[in-house]
Amino acid sequence: MQGQAQQQAYDRGITIFSPDGRLYQVEYAREAVKRGTASIGIRAEDGVVLVADKRARSPLMEPASVEKIHKADDHVGVASAGHVADARQLIDFARRQAQVNRLRYGEAIGIETLTKEITDHIQQYTQIGGARPFGVALIVGGIENGEPRLFETDPSGTPYEWQALSIGANRSDVREFLEENYSEDIGIEAAIGLALEALAEVNDDDGLTPDGVGVATIEVDDEDFHERSAEEKESILADHDLLASKEDDAAEDATGDADESGTDEGGADE
Amino acid sequence: MQGQAQQQAYDRGITIFSPDGRLYQVEYAREAVKRGTASIGIRAEDGVVLVADKRARSPLMEPASVEKIHKADDHVGVASAGHVADARQLIDFARRQAQVNRLRYGEAIGIETLTKEITDHIQQYTQIGGARPFGVALIVGGIENGEPRLFETDPSGTPYEWQALSIGANRSDVREFLEENYSEDIGIEAAIGLALEALAEVNDDDGLTPDGVGVATIEVDDEDFHERSAEEKESILADHDLLASKEDDAAEDATGDADESGTDEGGADE
Amino acid sequence: MQGQAQQQAYDRGITIFSPDGRLYQVEYAREAVKRGTASIGIRAEDGVVLVADKRARSPLMEPASVEKIHKADDHVGVASAGHVADARQLIDFARRQAQVNRLRYGEAIGIETLTKEITDHIQQYTQIGGARPFGVALIVGGIENGEPRLFETDPSGTPYEWQALSIGANRSDVREFLEENYSEDIGIEAAIGLALEALAEVNDDDGLTPDGVGVATIEVDDEDFHERSAEEKESILADHDLLASKEDDAAEDATGDADESGTDEGGADE
Amino acid sequence: MQGQAQQQAYDRGITIFSPDGRLYQVEYAREAVKRGTASIGIRAEDGVVLVADKRARSPLMEPASVEKIHKADDHVGVASAGHVADARQLIDFARRQAQVNRLRYGEAIGIETLTKEITDHIQQYTQIGGARPFGVALIVGGIENGEPRLFETDPSGTPYEWQALSIGANRSDVREFLEENYSEDIGIEAAIGLALEALAEVNDDDGLTPDGVGVATIEVDDEDFHERSAEEKESILADHDLLASKEDDAAEDATGDADESGTDEGGADE
Amino acid sequence: MQGQAQQQAYDRGITIFSPDGRLYQVEYAREAVKRGTASIGIRAEDGVVLVADKRARSPLMEPASVEKIHKADDHVGVASAGHVADARQLIDFARRQAQVNRLRYGEAIGIETLTKEITDHIQQYTQIGGARPFGVALIVGGIENGEPRLFETDPSGTPYEWQALSIGANRSDVREFLEENYSEDIGIEAAIGLALEALAEVNDDDGLTPDGVGVATIEVDDEDFHERSAEEKESILADHDLLASKEDDAAEDATGDADESGTDEGGADE
Amino acid sequence: MQGQAQQQAYDRGITIFSPDGRLYQVEYAREAVKRGTASIGIRAEDGVVLVADKRARSPLMEPASVEKIHKADDHVGVASAGHVADARQLIDFARRQAQVNRLRYGEAIGIETLTKEITDHIQQYTQIGGARPFGVALIVGGIENGEPRLFETDPSGTPYEWQALSIGANRSDVREFLEENYSEDIGIEAAIGLALEALAEVNDDDGLTPDGVGVATIEVDDEDFHERSAEEKESILADHDLLASKEDDAAEDATGDADESGTDEGGADE
Amino acid sequence: MQGQAQQQAYDRGITIFSPDGRLYQVEYAREAVKRGTASIGIRAEDGVVLVADKRARSPLMEPASVEKIHKADDHVGVASAGHVADARQLIDFARRQAQVNRLRYGEAIGIETLTKEITDHIQQYTQIGGARPFGVALIVGGIENGEPRLFETDPSGTPYEWQALSIGANRSDVREFLEENYSEDIGIEAAIGLALEALAEVNDDDGLTPDGVGVATIEVDDEDFHERSAEEKESILADHDLLASKEDDAAEDATGDADESGTDEGGADE
């Protein structure tokens, strides 16, 4: 009890450190990320793979409107987890930065440069009062100098580079799965399979549906962001034996009105 | 009790996350939406239907002044639920965006573009202090590239695309009804009927009155927003056997001074 | 008790929603309206009638200085109830809007347009912090395109159109009286009588005095705001057998120093 | 006790309404007015009379420096009660408004116009946070179109027109006296006498001193503000048998250090 | 106890009135004045006298650096009591106003004008939030139109004119002494003696030292501010039999580190 | 308990001193530094050495993205400990200052000058409200006038110059180790060894890994910032017998999800 | 206890006076000064002496980086005690003022003028909210018109002139020592000795070290700021028999990590 009371004393705003040097509001923003459905990024030898859990909460909702994977520039994709509206703000910010870079320097923005411009923007919201931190994490992936790069941004504004990572729900379990199964020389199609397997592993449902997942790749060859169509996704899921039976699909969609918190919690029970 | 006390500690402003990563003020704004009378949107094959519960709280009040359905541009209609004055602000914002688009690009604004400009505007009020979130949800419907599109905005600033949806009072019940009865190949007149049936299903009263509902359509053919007249509505209600008997009408209007909360609660008991 | 304590937690400013989605400060501003003396508006076939209870709290006070009915433009009158100084701000705002309209478009402002400019202005004070809502309601009446129109603004910034309405003290009782006695084809002189009867019905005193009521009309014929003189009022009151005897008049004026709250409570006991 | 605790919850700033629609900070500012010594205004047939209790708290203090009656323009006088420094701010504001009117329109400002510019200024301090209301009331008197006019401003920013009124200490008692003794056809010299009698009636001391009262008139004839000299005041007091004996004068002055609250409490006991 | 708790509820800032209409923060600022050593002003027939208690808290401190009497312009002197740094701000303000007057109008500023510019400046700090009142009182003395004038400013921003006054410690006792001994036809040298006697009367020490008092005069003859030298002061003190014996002087200086509160408490015990 | 309660009363913002003259928020920011992994700086005869503990929290994370050592200008390196995103802000600030110096004066910025510009920037965040202090300490090392210089910045904004120092976790133990083993005439390669030995001394793990440490030098000869490659680091660690066995490496990397606090806590257990 | 609770009620910001007229935050800032190591200033016949306790908290720290004595202009030195980073801000401010004076008037700034510009700057931070007072005191010494001058600034913004003074730790004891031993006709070398003796008197250690003290002089002859070298200091300490034995030196330096509070507490135990 006392610990809790003490914690409450220092968690009312981002301009206050706790006695042990923590920023509780930033840590709570991380909880908003955890409430979001998972997104996974994998750096393959020949490109970057972004996969996201995007199950809709009603069969009447357009799957395409569950925004988890975004194109930031021709050569950059971003997957998000957490507060959807916050993610949109950061994506818009990223797009503007990418455009400005093209205008100013006549070339595509570097993936690391872009990531750090985003995290510096996020940091401002953790030091100056009058606002709250962004309740969202991003996976920023793309091609830079012919090499695939894969970054994470978190609510504190720290950038990390990864070979493979997951954000959002079940982050630890997915990471464990990736650590056991990832190897640097993985090809892009195998990477898609690995990411979907990781997603299926932690999902409660019996398999995945084409509409319930998002898959995008940016390959070294053409340096171009591509989202896979429903047909392509169905074929991949079938290949990996991850395709949910029709009954499951219906069941999943019918979970109903549970989520209205603004985070991308999809069909997950609360 | 403890849970409640704890909740109170984090719900005093939109610049504070709760320890589990929630924004209580945004969730409370969703409650303001639920206090409003229902609005329903359905995407038909040949257009978009907007229907709203707009029962007045006195027979002396002009039915037309119960603002639930608005024209945002020639090809876009908006239905709202929740805080009426907040809805007006967002409608005004939407109209200005639509005008600017016509001036700048010489063409009608896209439904998705317009929706996202609205949600990005809403998001600002959930992150920067000194204001409160908008206590209103919108259904934005219209024709884009010859296709009917139907979107929702909520108080967190998240955009969703739907085939059919409801906002405001009894949202879950109406959605359930729509999920059971909607099919993608529905025609626009059938869609009007379906929406009115959904509304009647959850209403306490014995049927609907022409003045007590609003009906608007934007059809693919002419891409033009039309509100149905009282005569048209009476005829439709009669066709669907939803027309209230005169006695009910009077009873409904006489519920009196119950609502003065600023939300569009109409004749509903509190 | 608990309910009250809980309420207190969410009623300290307009930037805070309560857990059930209410804005307590706006609701309290409505209480300020209820503390004000009544104003009544009636839309007749041939014009609009504004009537107000404007009893002074001392025989030494100039009746004309009890401001309840205001001319906003040649064709628009406004009656108020609640915080007097707040009413003055909104009237000034309305006058400027009307002037601007004449300058910009060379024509008289529409009654609905004017009302909505006022309510949009009011709404700002319910969403942005650092101020309080306006503690006043207005009845805006006038002629637009040759038709009488009658609107209400409330502290939430919601506009309503009415056939007949009352704001301020005893709102429910007056409305009930109006609902029972109003008919759309009422003439303007009959409407004046009806409004005065409604006022007398709910007043504790035994009749009305010419100085204790304000009567203004805007008729379709000349689209011009007219306040009735004391003589005219006396004659009307006598015609309707509503004229207070002299003794009552004195008694009324002598209620003394009761009201100093800034609302237009007139001679009413507290 | 509970009532008091509840009151405290809503009286910490002017941006908060209480649950019953009151603005406690404005009401407390009225208490500051009541702490000030009385000022009285009377509208005579041929001019306006301003009289004020301006007893000094030490014989060493210059009577002229007890500021209760001010000249705002040639044809306008202002008497105040309450917070002295606040009064000075409003007087300065009034003088600037009067000057601007002369510059802009080449004519003297109307008494009603001037009063309402003052009250609109006061209102701002009751709605926007970050400041406190003005703790002062004013009597604004002057000649407009050849007619004497007499107004009151209070801390809520409400303007009232009076035939005769009093502000500050013992307001109710003085008003009662005026109501009993005032008649509209009173002459200016009789009005001075009436005002001084009212003042003497409620004063604890045995009579008034020339230095302890301020008397100013603005007459219809010359439309010019005149303060009466000590000799004139002594003569008037003697005529009305209100002149204090010398011993009382000394006693009054010796009340000493009691008042240092910033209000014009003069020699009154606390 | 209850009274105290209640008081605490309303004394946290200058934007809050207490229920009885008081501004506690202004009253507390007056306490800061009382904590300062005394300053005395006397208006003689032929000039103005300013005298101040300026005992240093260590023999190593330069007596000249205990700032109690300041030259504001050639013809104006100011004595202060209370918060030293605040006094400096107001003196600087006064000097700028005096300079501006000379530049703009080519003449020396009036004493009353200057005083009221200072008090209006002080008032701002008692109404607008985000700052605290000035914790200092001033005596402003000088020659205007050949006449000696003597004013006081207090933390509320009220100006008073005096024949003779004291501010700071023991204000009541000194005033009583002055009331008993002052007469209007006093000459300037006699006035110096009277002021020093008043100071000695309330001091605990056995006599005054030349360094422990400040003496300045502005005479009608030359309208020029003069501070008396140590020799002149010693001679005056000896003439009035007020000179402390050497032993007392040492004792006084050795009171040591007692005062570090920022007010000019000098050698006084706390 | 009481001490703790008292502390809490003064630690909510950087605009509040505690009664004993401390700034708790600055002290809490120092705790954020202690939560970060260690960085070590040593001034050798022929250059400056920066060494940092940069163990990643997952084998999938790119070691290079654990930012502990930064190039600020050709001749300046900066090592950090604490809040990563805050460090990035200060590094950016330092880079801009270095650039501006080159542009303005055509020469490299001095190490002391640069450090003090950083600390002055930090100080602002400890005195003006509305923000929090920087939760990071920096070691700024470089060559100035041919001499190696080594500085520290802390969250209070104080600059210190050192011969050898450590920031972050285990600061006291590392300093003790350095005090015992450092001598001024140490060569740069020996200094690298000393720093790594100090790091190994306080680490729980059995040896260091090339990826788990960062090593940078700025030598007097070329005044150029160089980071050592993984191969060079492996060779140095082997030379000093500090190389972890492969098993330890794996174990270290697998500590998993422990750290998500935004500080650079690496693989350390919490 | 009660006293303490009461104190807490008024010490949360510099915009609040306590009921007895005190500014607690300014008094707490004085405590920050007392936490700093001592600085001493002495005005000799032929110049000004500044001496400071600048023991480092580790033998690895550069003694020169313990900033206690600063050159503000050629002819002005400043010694500080308290918050180091705050001192740097004021020194920078002082340097800019001195430069501006040379640019504007073509001459060296006066010592009194400079001091008062600093104290006026400090005062701002004690009256306007949103910041905290400066937690530092300064001794400002220099030559003005051929005369040595010596001033103190404190956190309230009050300037004092002294013959000899001390700030920081043990202020009272050092002052007592100075009061007993200072005479106005002291020569500059004797003054250095006196200051060092005063420092040694209150130090716990057995003697002083050359690196542990700072000594600077500004002499009348050349009006130039000079800091004494380590050799000169060693010689002076030896002459006065104040030189610590080598063992003590080591012991002193080894006190270790005690101080990290941002004040210049040096080797002092806490």
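Which side chain does the side chain of R57(C) make a polar contact with? I looked this up before anything else. The partner is the side chain of Y160(D), at 3.5 Å. I count a polar contact as a pair of N or O atoms within 3.5 Å; within protein, one must be able to donate a hydrogen and the other to accept it, and residues adjacent in sequence count only if both atoms are side-chain atoms.

Ground rules. I am working on a predicted model, where local features need pLDDT of at least 70, side-chain atom pairs count only at pLDDT 80 or more, and totals for chains, interfaces and linings use all residues. Residues are numbered from 1 along each chain as its sequence is written, chains are lettered from A and ligands numbered from 1 in the order in which they are written, and side-chain values use heavy atoms, with hydrogens and water left out.

Entry on R57(C). I placed R57(C) in the loop between β2 (47–53) and β3 (69–73) of chain C; helices (H or I, at least four residues) and strands (E, at least two) are DSSP runs, numbered from the N terminus. R57(C) is buried, with a relative accessible area of 5%. Buried means under 20% relative accessible area, exposed over 50%, partly exposed in between (1.4 Å probe, protein chains only).

Entry on D86(B). I found D86(B) in helix α3 (residues 84–105) of chain B. Its relative accessible area is 0%, so D86(B) counts as buried. Apart from residues up to four places away in sequence, D86(B) touches R132(B), P133(B), F134(B), G135(B), V136(B) and, from chain C, Q123(C). Contact here means heavy atoms within 4.5 Å.

Entry on G214(E). I located G214(E) in strand β9 (residues 213–219) of chain E. G214(E) is buried, at 1% relative accessibility. Neighbours within four places aside, G214(E) is in contact with L50(E), V51(E), A52(E), K54(E), I69(E) and K233(E). I also checked P159(E), 55 residues apart from G214(E) along the chain; the C-alpha atoms are separated by 24 Å.

Entry on chains B and A. I counted 43 residues from chain B and 38 residues from chain A in the contact. Together the two chains bury about 3,600 Å², 48% of it on carbon and sulfur atoms; buried area is the accessible area (1.4 Å probe) that two parts lose on being put together, summed over both. On the chain B side, F17(B), Q127(B) and R175(B) lose the most area to chain A, together 18% of what that side buries.

There are four salt bridges between chain B and chain A, a salt bridge being a side-chain nitrogen of Lys or Arg within 4 Å of a carboxyl oxygen of Asp or Glu. I noted a salt bridge of R43(B) with E62(A), with the closest N and O atoms 3.0 Å apart. Elements giving two or more residues to the chain B side that touches chain A include α1 (2–9) and α2 (24–35) of chain B. The most comes from α4(B), with seven residues.

Entry on chains A and F. Here 43 residues from chain A meet 38 residues from chain F. The buried area is about 3,600 Å², 48% of it on carbon and sulfur atoms. I found four salt bridges between chain A and chain F. R43(A) and E62(F) meet in a salt bridge at 2.9 Å, N to O. Polar contacts between chain A and chain F number 16 residue pairs (both at pLDDT 80 or more).
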